Amino acid sequence: MNDKPVPARPTVDLRSFTPARVALGRSGASLPTKPLLDFTLAHARARDAVHAVFDGPRLMTEVRALGLAATEVTSRAADRGDYLRRPDLGRQLDPPSAAALAEVAIAPCQLAIVIGDGLSAAAVHAHSVALLQSLLPRLGEGEAVATGRVVLASGARVALADEIGAILGARMVLMLIGERPGLSAPDSLGAYLTFAPRPGLTDADRNCVSNIHKAGLSYDEAALKIAWLVREGLARQVTGVALKDESADRAPRRIGATEPD
């Protein structure tokens with residue numbers, strides 16, 4: 001019988017499973033030069049993403065090319081400094097935007113879509129339109145979900161969609177927003193769903209599909225989850241902690257159907 005201990009697998013093997021900074025080595029008491037430079041670059045990209053300028057006109061053109069009506073609005077955050085220091089201002093429309101949105105709110109819709117810069121306009125520019133291209137056909141399958149106006153919001157926090165959805169008379173609102181940049185993903189997009197949107201709701205009332213980017217959740221995977229949550233949320237008339245993502249296990253309930261006894 002061989003009693004010799006089995007050598008542990010090198011820690012460096014972990015690097016093939018995660019983008020986290022593990023097994024970087026050392027030079028004396030410090031990091032080697034290359035990992036240090038890589039960290040500095042990642043940190044700079046994350047900072048740049050936070051301060052990137054939201055390109056509303058470009059997104060307006062791309063969204064309209066998908067055949068969707070679109071409107072631009074802004075929050076009460078006057079500039080990026082206000083936005084970062086005062087999260088509450090990013091949750092409220094400025095009065096002119098609220099008035100303009102009310103003028104185009106012709107009829108209620110099942111789903112309103114908001115695209116907001118959030119903490120990474122870079123994520124929105126890179127992924128929001130491509131995600132919509134994958135999502136819209138899924139919403140149109142079978143019993144189609146009536147999609148209303150797309151609203152492009154600058155200086156936006158997630159809860160800004162609640163006020164927007166209420167003004168548009170939407171049964172549900174989908175917010176696509178740039179997530180807080182990380183050192184491995186400065187351009188991660190999040191999707192937040194809220195049934196019966198109105199000011200005063202909390203994150204417990206929302207469902208989130210996050211980590212949408214090239215090295216994370218793909219557009220097709222995210223679109224599948226979002227479409228399932230939209231249909232199931234409309235059928236159950238609820239989102240948030242009462243609605244779990246079971247898209248991998250079963251088809252969504254028909255909209256308007258009741259819960260089984």
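Student: At what angle do the axes of helix 4 and helix 6 cross?

Tutor: Keep in mind that this is a predicted model. Two packed helices are described by the angle between their axes and the distance between the axes. Here helix 4 covers residues 95-104 and helix 6 covers residues 160-168, and their axes come within 9 Å. As for the angle, the two axes cross at roughly 35 degrees.

Student: Is the crossing of helix 4 and helix 6 left-handed or right-handed?

Tutor: Picture helix 4 passing helix 6. The handedness of that crossing is right-handed.

Student: And which residues of helix 4 make the contact?

Tutor: Let's take the other side of the contact before yours. Helix 6 brings Glu163, Ile164, Ile167 and Leu168. From helix 4 come Ala98, Leu101 and Ala102.

Student: How many residues of that contact are nonpolar?

Tutor: Sort the residues where helix 4 meets helix 6 into kinds. One is charged and no polar residue takes part. Glu counts as charged, while Ala, Leu and Ile count as nonpolar. That puts the nonpolar count at six.

Student: Zooming out, what pattern does the protein chain follow along the sequence?

Tutor: Start with the parts: the protein chain has seven helices and six strands. Now write α for a helix and β for a strand, and read along the sequence. You get α-α-β-α-α-β-α-β-α-β-β-β-α.

Student: Is Ala196 buried or partly exposed?

Tutor: First find Ala196, in the loop between strand 5 (189-195) and strand 6 (206-212). Its phi is near 50 degrees, a positive value in a residue other than glycine. The relative accessible area of Ala196 is 28%, and the buried class stops under 20%. So Ala196 is partly exposed.

Student: What is the relative accessible area of Gln237?

Tutor: Gln237 sits in the segment after helix 7 (219-236). It isn't a glycine, yet its phi is positive, about 60 degrees. Exposed means over 50%, and Gln237 is exposed because its relative accessible area is 51%.

Key. Residues numbered from 1 in each chain as written. Predicted model: local features only at pLDDT ≥ 70, side-chain atom pairs only at ≥ 80, totals over all residues. Heavy atoms only, no water. Axes fitted to C-alpha atoms, helices over the stretch in contact; angles between N-to-C directions. Helix = DSSP H or I, 4+ residues; strand = E, 2+ residues; numbered from the N terminus. Left-handed = near helix turned anticlockwise from the far one by under 90°. Contact = heavy atoms within 4.5 Å. Buried < 20%, exposed > 50% of the residue type's maximum accessible area, 1.4 Å probe, protein only.
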